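Here is a briefing on one protein model. The structure comes first, then the points grouped by topic.

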Amino acid sequence: MNSQIHILTIEDEKSMSSYIATFLNGENYKVSSAMTGSEGLSLAAVLRPDVILLDLGLPDMDGIEVLRRLRSWSRIPIIIVSARHEESEKVMALDQGADDYITKPFGTNELAARIRTCLRHNKSASSKIYRALDLEIQFEKRSIRLRGEQIHLTQIEYQLLTLLAENAGRVLTYNFLMNAIWGPYIDDNNQILRVNMANIRRKIELNPAQPQYVFTEIGIGYRMLENECEA
Ligand code: CA
């Protein structure tokens, strides 16, 4: 089934591009490679790949600009491939509609997991149950259980946790979460978000300092553990 899945990489570094292509070919993905932003844009339009891996540092065009142009006509899942010094661009890219990001240097397992998550979220409507380790959320019943025991969350905590759970495996930026829960007019440097997250962690994590369910992506946002019901 994997053989039909087509991945386009837009990456100017030859060694990185062939490292990714070799690995993905081995996983039975079909891979096309573009070395510049403009080549990437035209290949994306012609080939209509299932996933795009987009490097932010391209020779001819800003990666963010490539992303913007892709998003003007397409919902193809886009994973940003970025270098460590591109932190702020990464956040911008996620807020502009990128689905996820991966930081160089990365392992092939991590890349494979990111691609699987994107493909899953793209094809399936969100699942009715979130289950991972000892945590179970039944969205329609508004029920959250930890080791079988009902957990009581405030309205805001519930909205925040279910938003993360519906997007399990993907990073959601601070901006995105602030907007989704509190709207665009609140400006408190994400303090209210951190306070609510701390409260959620006290209720669901064994050790809030070493979370098992909701991970902090420093400077970027939060990512919830993959939903076992979608695997
Ligand atoms: Ca580059």
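A residue counts as buried when its relative accessible area is under 20%, and as exposed when that area is over 50%; partly exposed lies in between. Cys118, with a relative accessible area of 6%, is therefore buried. The model is predicted.

**Cysteines**

- The structure holds zero disulfides.
- Cys118 takes part in no disulfide, and its nearest cysteine sulfur, in Cys229, lies 20 Å away.
- Seen from the other end, the sulfur of Cys229 has its closest cysteine sulfur in Cys118, at 20 Å, which is too far for a bond.
- A disulfide needs the two sulfur atoms within 2.5 Å.
- Cys229 is partly exposed, because its relative accessibility is 34%.

- Strand E3 covers residues 51-55, and five of its five residues are buried.
- In a regular strand, side chains alternate between the two faces of the sheet.
- Both faces of E3 are covered. Val51, Leu53 and Asp55 are buried on one side, Ile52 and Leu54 on the other.
- Strand E1 (residues 6-10) runs parallel to E3, joined by four bridges.
- Within this pairing, Ile10 has Leu54 of E3 as its bridge partner.
- Strand E4 (residues 78-82) also runs parallel to E3, again through four bridges.
- Here Ile52 stands opposite Ile78 of E4.

**The three-stranded sheet**

- Strands E10, E12 and E11 form an open antiparallel sheet, in the order E10-E12-E11.
- E10 (171-173) and E11 (214-217) are the edge strands; each has a single partner strand, so one side of each lacks a neighbour in the sheet.
- Neighbouring strands are turned by 30° against each other on average, direction ignored.
- E11 pairs with E12 (residues 221-224) in the antiparallel sense, over four bridges.
- Glu217 stands opposite Gly221 of E12.

**Nonpolar cores**

- In soluble globular proteins, nonpolar side chains tend to be buried together.
- The largest nonpolar core here has 30 residues; Tyr130, Leu161 and Met224 touch the most other members.
- Elements giving two or more residues to this core are strands E6 (129-132), E7 (135-138), E8 (143-146) and E12, with helices H6 (155-166), H7 (174-182) and H8 (191-204).
- H6 supplies the largest share, six residues.
- Leu161 touches Ile137, Ile144, Leu153, Ile200, Ile204, Val214 and Met224, leaving out residues up to four places away in sequence.
- A second, separate core holds 24 residues, including Met61, Val66, Tyr101 and Ile220.

- Ile137 sits in strand E7.
- Its relative accessible area is 0%, so Ile137 is buried.
- Beyond four places in sequence, Ile137 contacts Lys128, Ile129, Tyr130, Ser143, Ile144, Leu161, Thr162, Ala165 and Met224.
- Ile137 and Arg116 are 21 residues apart along the chain, and their C-alpha atoms are separated by 22 Å.
- Arg114 lies in helix H5 (residues 108-123).
- Is Arg114 buried or exposed? Arg114 is buried, because its relative accessible area is 13%.
- Apart from neighbours within four places in sequence, Arg114 is in contact with Ile79, Asp100, Tyr101, Ile102 and Arg223.

**Backbone exceptions**

- Most residues other than glycine have a negative phi, and most peptide bonds are trans.
- Which two residues are joined by a cis peptide bond? They are Lys104 and Pro105, with omega about -5°.
- Pro105 belongs to the loop between strand E5 (100-103) and H5.
- Asn28 has a positive phi of about 70°, although it is not a glycine.
- Asn28 is placed in the loop between helix H1 (14-26) and strand E2 (30-34).
- Leu133, also not a glycine, has a positive phi of about 50°.
- Leu133 lies in the loop between E6 and E7.
- Leu133 is partly exposed, because its relative accessibility is 45%.

Methods. Residues numbered from 1 in each chain as written. Predicted model: local features only at pLDDT ≥ 70, side-chain atom pairs only at ≥ 80, totals over all residues. Heavy atoms only, no water. Pairing = 2+ DSSP bridges. Axes fitted to C-alpha atoms, helices over the stretch in contact; angles between N-to-C directions. Buried < 20%, exposed > 50% of the residue type's maximum accessible area, 1.4 Å probe, protein only. Core = buried A, V, L, I, M, F, W, Y, C linked by side-chain atoms within 4.5 Å. Contact = heavy atoms within 4.5 Å.
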